[in-house]
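Here is a structure to read with a few plain questions in mind. Each answer sets a value against the rule that gives it its name.

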Amino acid sequence: ATPTALMVGTGRGAQLGILIKGPEALEATRSVDAVVLDKTGTLTTGEMTFAAALPAAGSGVDADTLVALAGSLEEHSEHPVGRAVAAEARRRGALLPVSDFTALPGAGVRGRVGPPGAEHPVLVGRAALLRAEGVPVDEDLLDALAEGEQGGTAVLVARDGTAIGVVVVADRLRDTSVEAVAGLRSLGLRPVLLTGDNAVVAHRVAAALGIEEVHAGVSPEDKVAVVRALQAEGRRVAMVGDGVNDAAALATADLGLAMGSGTDAAMEAGDVTLVRPDLRLAVDAVRLARRTLRTIK
Ligand code: ADP
Ligand code: MG
């Protein structure tokens, strides 16, 4: 590989909106044969909108209170789910003060909501998060969660150590995802959908894109495990993601591609940055690498 040809390749990439970190990244781009795709923010817009609030039976909480508590806490979150819930609380003029906010990537958020002296501990996130924090999640609540998942991404809300309901948000596929997945497949890459989101939503998205292999409900660590398992099968794995929750998997993959619309953590972990949130750039990147390295062999 002559340095000049590599420079021409990376230069051409930059013109296309594909920032390649170095010659090794170009080589890795050429040789990948599986592509692991994050769902939220990568295949979908990640611009979620509020869909519903379902208070738990017997919680004594109404939908407005549920949105106010969850949305106030999520006002401090960068996650698409959080932003959607926060926007709804803001729209309703229901934002309350928050202290001790913590984001738990791939799981949810924790903090205290309410004016000084009247703060309540609040959690918003997956059932696993509530359980990990010692909040019981009973059958009725799991039923409400399953009902919510029919309409989108559903998360649980707890206050004072008790689960009080479900909030549902939804987003949509990016216009370019269908073409991009078809393009990746035509280059011989096996697509795999990977998401922390629920299985109902994940399979709906996979079906729309013709992706057969789906891993849903996975934690950021499990994302790494899925990449490793493919590598153990002898695959050369590309991973495309946008979130903090994808950073470890992006670093583990033979080739990490970060969506430029995503978080700094993803871009730092990746070997390639796609400057526009358009997965077709990943297809262009593979084509470019193959062409460049074919010329110089
Ligand atoms: P994805 O892999 O689809 O990008 P994440 O790993 O970021 O999803 O999140 C997985 C799940 O964790 C979400 O579907 C949601 O249930 C929960 N979650 C993550 N962040 C938040 C948040 N800020 N508020 C509520 N739930 C969250
Ligand atoms: Mg994401």
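Strands, domains and a ligand

Q: What makes β11 and β12 a pair in this predicted model?
A: Strand β11 (residues 237-241) and strand β12 (residues 255-259) are joined by four bridges, in the parallel sense. Two strands pair if there are at least two bridges between them, so β11 and β12 count as a pair.

Q: Which residue in β12 does V240 stand opposite?
A: V240 stands opposite L257.

Q: Why are β1 and β10 called edge strands?
A: The strand order of the open sheet is β1-β13-β12-β11-β2-β9-β10, seven strands with mixed pairing. β1 (18-20) and β10 (213-215) each pair on one side only, and they are the edge strands. From one strand to the next the twist averages 20°.

Q: How does helix α10 run relative to β11?
A: Helix α10 (residues 220-232) runs at about 155° to β11. The strands that α10 lies across are β2 (34-38), β9 (190-194), β10 and β11.

Q: What are the domains of this protein?
A: The protein is divided into domain 1 (3-45 + 172-296) and domain 2 (49-170). The centres of the two domains, taken over C-alpha atoms, are 31 Å apart.

Q: How many residues of domain 1 are in contact with domain 2?
A: Eleven residues of domain 1 are in contact with eight residues of domain 2. A contact needs C-beta atoms within 7 Å. On the domain 1 side, α3 and α9 (199-209) each supply at least two residues. By class, that side has four nonpolar, six polar and one charged residues.

Q: Why is ligand 1 said to lie between domain 1 and domain 2?
A: Both domains give residues to the shell around ligand 1, so ligand 1 lies between them.

Q: What makes a residue part of the shell around ligand 1, and how many residues are there?
A: The cut-off is a C-beta atom within 6 Å of the ligand. The shell has 23 residues, and the closest are T40, H79, G82, G106 and G196. Two or more residues each come from α3 (39-43), α5 (80-91), β5 (108-113), β6 (120-125) and β7 (153-159). The largest share, three residues, comes from α3.

Technical notes: Residues numbered from 1 in each chain as written. Chains lettered and ligands numbered in written order. Predicted model: local features only at pLDDT ≥ 70, side-chain atom pairs only at ≥ 80, totals over all residues. Domains from an automatic or database assignment. Axes fitted to C-alpha atoms, helices over the stretch in contact; angles between N-to-C directions. Contact = placed C-beta atoms within 7 Å. Nonpolar A, V, L, I, M, F, W, Y, C, P; charged D, E, K, R; others polar.
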